[in-house]
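Me: Hi! I have a model open and would like to talk through its surface with you. Could we go step by step?

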Amino acid sequence: MKAGIWELLIVLAIALLIFGPKALPKLGKSLGKTVGNFKKGLADDEDDEDEEPKKIKKAEAEAAESDGEE
């Protein structure tokens with residue numbers, strides 16, 4: 001696990017050198033929002049997959065009703 005900590009510190013040091021200390025909070029905030037939106041999009045996609053069988057069953061039921069009316 002020590003290697004993971006050292007790698008993280010190196011990445012943070014490089015980010016500090018590239019972006020500067022004033023831009024890091026903005027960068028962190030933007031990154032946090034991006035990750036949050038990504039997770040929300042994944043959750044929405046999973047919800048859509050759960051609703052798909054319901055839509056198919058509803059369409060089949062409507063088709064059966066219209067066939068029975070003819």
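This is a predicted model: local features need pLDDT of at least 70, side-chain atom pairs count only at pLDDT 80 or more; totals for chains, interfaces and linings use all residues.

Me: Is Phe19 buried, partly exposed or exposed, and what is its relative accessible area?

Reply: Phe19 sits in helix H1. Buried means under 20% relative accessible area and exposed means over 50%. Phe19 falls in between, so it counts as partly exposed, with a value of 43%.

Me: Which residues is Phe19 in contact with, leaving aside its neighbours within four places in sequence?

Reply: Phe19 belongs to helix H1. With those sequence neighbours set aside, the contacts of Phe19 are Leu24 and Leu27.

Me: Is Ile18 buried or exposed?

Reply: Ile18 is also placed in helix H1. The cut-off for exposed is over 50% relative accessible area. Ile18 has 59%, so it is exposed.

Me: Which helix gives the most to the nonpolar patch?

Reply: The patch covers about 630 Å² and is made by Ile10, Ile14, Leu17, Ile18, Phe19 and Leu27. The chain has two helices and zero strands. Five residues of the patch come from the top contributor, helix H1.

Me: What share of the accessible surface of the protein chain belongs to carbon and sulfur atoms?

Reply: Of the 70 residues in the chain, 3% count as buried. The accessible surface comes to about 6600 Å², and the carbon and sulfur share is 63%.

Definitions and conventions. Residues are numbered from 1 along each chain as its sequence is written. Side-chain values use heavy atoms; hydrogens and water are left out. Patches are made of residues with over 30% relative accessible area and no salt bridge: like charges are joined within 9 Å, nonpolar side chains (Val, Leu, Ile, Met, Phe, Trp, Tyr) within 5 Å. Accessible areas come from the Shrake-Rupley method with a 1.4 Å probe; for residues, only the protein chains shown count as cover. A salt bridge is a side-chain nitrogen of Lys or Arg within 4 Å of a carboxyl oxygen of Asp or Glu. Helices (H or I, at least four residues) and strands (E, at least two) are DSSP runs, numbered from the N terminus. Buried means under 20% relative accessible area, exposed over 50%, partly exposed in between (1.4 Å probe, protein chains only). Contact means heavy atoms within 4.5 Å.
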